[in-house]
Amino acid sequence: MRFSGEILREGGGGREDAEVMELNPRMSLQPLEMVVGYALTSKKKKSFLQPKLEGLARKKGILFVAIDQNRPLSQQGPFDVVLHKLFGNEWGGVIEDYRKTHPEVTVLDPPHAIQHLHNRESMLQDVVELNLTDCHGKVAVPRQMVVMKDPSSISHEVNMAGLKLPLVVKPLLVDGTAKSHELFLAYDQHSLSELEPPLVLQEFVNHGGVLFKIYIVGETIKVVRRFSLPNVNKCELAKVGGVFRFPRVSSASASADDADLDPSVAELPPQSLLERLAKELRCRLGLQLFNIDMIREHGTRDVFYVIDINYFPGYGKMPDYENIFTDFLLRLVKSKYENGVAT
């Protein structure tokens, strides 16, 4: 990051430097330019790097620069921050090596930490281990099991595990493909044999058709409501069979923030609960950029379930994301300089 009043010359410290500083006695250390190198999928670049964000960033002294994946990363920059969302072990290795050789650069986020969220078996483990006492609510995860192979045995395994229908069916791995985000609802035992492992089976929890998307950007929390699947009662369960594909509840058109909803369904989770949950997961996951999909168990006010955690989610759908994200970047680098780490 460049600062006004900062003189960058080889062999600095001489008379010429002193004279320049004397001519500008009121120079303040305000950022002139922060360089953020980014390596994003084409889809993520389109949704995240929108003109409004880039325009606001320039006004705040932040410059987004595309990383050339065909050139060594160490030969590019210099960067204050590296922002990335690409998949594959090769890219992960590139970033890990870069972090070791460039400790002065903030990498958002470490590949080994992101990898934890690419597997739905491990994704929610940190939530299971939380103890959020005195937070005006209870947070849990739905009962679930992993099926690695042999779809003909799924029904038996479900019975042995004691899981109750209907079951949410999710691919085990989150690898950036459209298929990894395809979710289904299985209503009967017979239909389970039609599934394609590896996958995760998760008990469906009635939640009034509303899901809370909790966006985390550093220490900032933003919650929005999204329409989700309606409740399933026992009569419907007895009549309906088969496996049905989920609609994509993350789409912008599914926003429920302005809908006329039952207050018992629409009421946001307590702020104290969200702050504690976000803080704990930031620490446990080692991530700054993620979102939590949470539902409230229907008929309760304070029983919540975390059903998914996503790295670097669709921030373009988060209200005021441009200001939130640019302010986050400025705080991030300012904190590093205040702690005596300079590039």
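Asp308 belongs to strand E15, residues 303-311, in a predicted model.

Q: Which residues does UniProt place under the feature "binding site"?
A: The unreviewed UniProt entry gives Asp308 and Asn310. Asn310 is also found in strand E15.

Q: Why is Asp308 called buried?
A: The relative accessible area of Asp308 is 7%. Buried means under 20%, so Asp308 is classed as buried.

Q: What makes Asn310 buried rather than partly exposed?
A: Asn310 has a relative accessible area of 18%. The cut-off for buried is under 20%, and therefore Asn310 counts as buried.

Q: Which residues touch Asp308, leaving out those up to four places away in sequence?
A: Asp308 touches Arg120, Met123, Leu124, Lys170, Asn291, Ile292 and Asp293. For Asn310, the contacts beyond four places in sequence are Leu117, Leu289, Phe290, Asn291 and Asp293.

Q: Where is Lys170, and why is Lys170 called buried?
A: Lys170 sits in strand E8, residues 167-171. Its relative accessible area is 3%; because buried means under 20%, Lys170 is buried.

Q: What makes the pair Lys170 and Gln202 a polar contact?
A: The side chains of Lys170 and Gln202 are paired at 3.1 Å. A polar contact needs N or O atoms within 3.5 Å, one able to donate a hydrogen and the other to accept it, so the pair is listed as a polar contact.

Q: Which other residues does Lys170 touch, not counting residues up to four places away in sequence?
A: Besides Gln202, Lys170 touches Arg120, Leu183, Leu199, Val200, Ile307 and Asp308.

Terms used:
Residues numbered from 1 in each chain as written. Predicted model: local features only at pLDDT ≥ 70, side-chain atom pairs only at ≥ 80, totals over all residues. Heavy atoms only, no water. UniProt positions renumbered as here; feature names shortened; annotations may be inferred. Helix = DSSP H or I, 4+ residues; strand = E, 2+ residues; numbered from the N terminus. Buried < 20%, exposed > 50% of the residue type's maximum accessible area, 1.4 Å probe, protein only. Contact = heavy atoms within 4.5 Å.
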